[in-house]
Amino acid sequence: MKVVVIGGTGLIGSKVVTALQGQGHEAVAAAPNTGVNTITGEGLEAALEGASVVVDVSNSPSFESAAVLEFFQTSTRNLLAAAMRAGVGHYVALSVVGTERLPESGYFRAKVAQEQLISSSSIPYTLVHATQFFEFLDAIAQSATEGDTVRIAPVLFQPMAADDVAGMVADVSVGVPLNGRLEIAGPEQFRFDQLIRDYLRAKDDPREVVTDPHAPYFGAELSQDSLIPADGHRVGQLHLQDWLKRQAG
């Protein structure tokens, strides 16, 4: 089966390509650095020729509200049009658990717009909603930093490893389209502020983590359950402590 992975040279995309190739599929890494640009349309037709599945794990280079909305709307419209012309039978997109619960965030509004375009098209689809990745803990802490202080809300948090995300996306892509959403998450729940505090302490990072119920997460104030999946989600295998040992080793 030919599967075209949009964003296929990035953190998740490269792992999806490797997983699919390991299962014997023809997985094509499509990204600007491989000659495929979903904003301009360059290389799209050639990449999608003969494809059964499109997997979109691309992300906007800017998280500014107008820019990220423009990216996801333009990219998705171009992808959907090209996929329809190519006769693609399954469109898979990676999104974020809690997207629809955080409308104050320009990034999450853009993801909702992307999902609406996909679900209203005629192509069978699956939306994979993942929790935050272990690999993004540094970026999350940095985004919440003011001086030497990191302000984090005391809410539930269930991050997962990029390897688990990619493996599940790969499995979904060669399965039957759900025409709906699948939520995936890590095997453990934490309290967000305490996890970031422990993570920075383990790295000998001197920043102080301050518990702040009103601390925004990419522009949105969080409730207790904003970032965790509902019952029935699929669970990854790698625990945070094991992932941390791998990074240190």
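This note comments on one strand and on selected salt bridges in a predicted model.

1. Local features need pLDDT of at least 70 and side-chain atom pairs count only at pLDDT 80 or more, whereas totals for chains, interfaces and linings use all residues. Residues are numbered from 1 along each chain as its sequence is written, and side-chain values use heavy atoms, with hydrogens and water left out.

2. Strand S9 (residues 180–185) is largely enclosed by the rest of the structure, because five of its six residues are buried; buried means under 20% relative accessible area, exposed over 50%, and partly exposed in between (1.4 Å probe, protein chains only). Helices (H or I, at least four residues) and strands (E, at least two) are DSSP runs, numbered from the N terminus.

3. Strand S5 (residues 125–130) runs parallel to S9 and is joined to it by five bridges, with Leu127 partnered by Arg181. S9 also pairs in the parallel sense with strand S14 (residues 234–235) over two bridges, and there Ala185 has Val235 as its bridge partner; pairing requires that DSSP finds at least two bridges between two strands.

4. The structure holds ten salt bridges, each defined as a side-chain nitrogen of Lys or Arg within 4 Å of a carboxyl oxygen of Asp or Glu. One of them joins Glu100 to Arg181, with the closest N and O atoms 3.6 Å apart. Glu100 lies in the loop between strand S4 (90–96) and helix H4 (106–119) and Arg181 in strand S9, so the pair ties together parts 81 residues apart in sequence. Arg181 is partly exposed, at 42% relative accessible area.

5. Lys15, Asp163 and Arg246 are linked in a network of salt bridges.
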